[in-house]
Amino acid sequence: KEGVARYHGPFMAQKEHTNCPLCKNASAEHLLEKDGFDLVRCTECRLFYINPRLTPEALEAMYNANEISPQQYYEMNISQDLLHFKTRLDIIERFKKRGEMLDIGTNIGTMLKVAKDNGWGVKGIEFNHNAVKFGNDHFGVNIEDRDFTKAQFPPESFDVITMNDVIEHVIDPVATLREVRRILKSDGILFMTTPDIGGLMYKIFKKHWLHLKPNEHLTYFDAKTMKELLKRSGFKLGHMQSIGHKRSLETILVKSRTYSSIPSKLGSIIPRSWRESISLNVNAGDEMAVVATKI
């Protein structure tokens, strides 16, 4: 699921050039190339982004073909995701105890399951058709099979809107958050998680950084550009912290191959059934959680 084969296929030629997704400046410095994509940095606001990037049509087709953000990965990690989404819900509930929640880019809806079991009214939106069916059938939640930017929910519909590892995927992050603002209640909160390119892991590993997935992660924020995104979208930052994931030892060892083959080789002496049953919290300091409110 995490291999390079996903970077090859008929969609890879469908690219488009873009100005900075944050400030629309046309000038950018080239930083590196990975898998046929260029990572650049805006000379004005200093946002990192992919240019050229896949077209919206190519992206939607690849999501539905499970070539990126594959549904099977989230199915395989349900038990761990239930744990780490509980941690994320705990952060949310420090600011808002209960209400109506919309989870954007929910995939199979594990976040919705956790929130529903804790007393929230929940709705999800996702355009991977099979993931929507699985979530609605398996978790008994309400996921709509639509593109969020075209959903047109009524104004001030939700107390909390969550975007778990989503904002880095969207074509226009400012327009997306402005739409989020429109449908969020006046006292509501926005909760987001996203890779933090300002962390040490990117500085050390550069093109080998685990979160540098240029076919699907289109923009890369640090603390400064995240604050600028919120400001331009009509939000103010309420809270920011580093956050990690619960993952099985097997998944951790597979992902570690991005950096070195040694952990995976050493881990192979542990029976696979043990590797899959052991869950660990992994926080490398390169993912941020953000809570924001409307200005």
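Asp 35 takes a positive phi near 55 degrees in the hairpin of S2 and S3, where 2 residues sit between the strands. Strands here are DSSP runs of E, at least two residues, and helices are runs of H or I, at least four, all numbered from the N terminus. The model is predicted, with local features needing pLDDT of at least 70, side-chain atom pairs counting only at pLDDT 80 or more, and totals for chains, interfaces and linings using all residues. Residues are numbered from 1 along each chain as its sequence is written, and side-chain values use heavy atoms, leaving out hydrogens and water.

Ala 28 has Cys 42 in S3 as its bridge partner.

Then there is an open sheet of 7 strands, mixed in pairing and ordered S8-S7-S6-S9-S10-S15-S12. S8 (143-145) and S12 (235-242) are the edge strands, each pairing on one side only. From one strand to the next, the twist averages 20 degrees; axes are lines fitted to C-alpha atoms (for helices, over the stretch in contact), and angles run from 0 to 180 degrees between N-to-C directions. Helix H5 (residues 129-139) packs on this sheet, touching S7 (121-126) and S8, with its direction at about 155 degrees to that of S8; contact means heavy atoms within 4.5 Å. Within the sheet, S9 (residues 158-164) and S10 (residues 184-195) run parallel, joined by 6 bridges, and Met 163 has Met 192 in S10 as its bridge partner.

Definitions and conventions: Two strands pair if DSSP finds at least two bridges between them.
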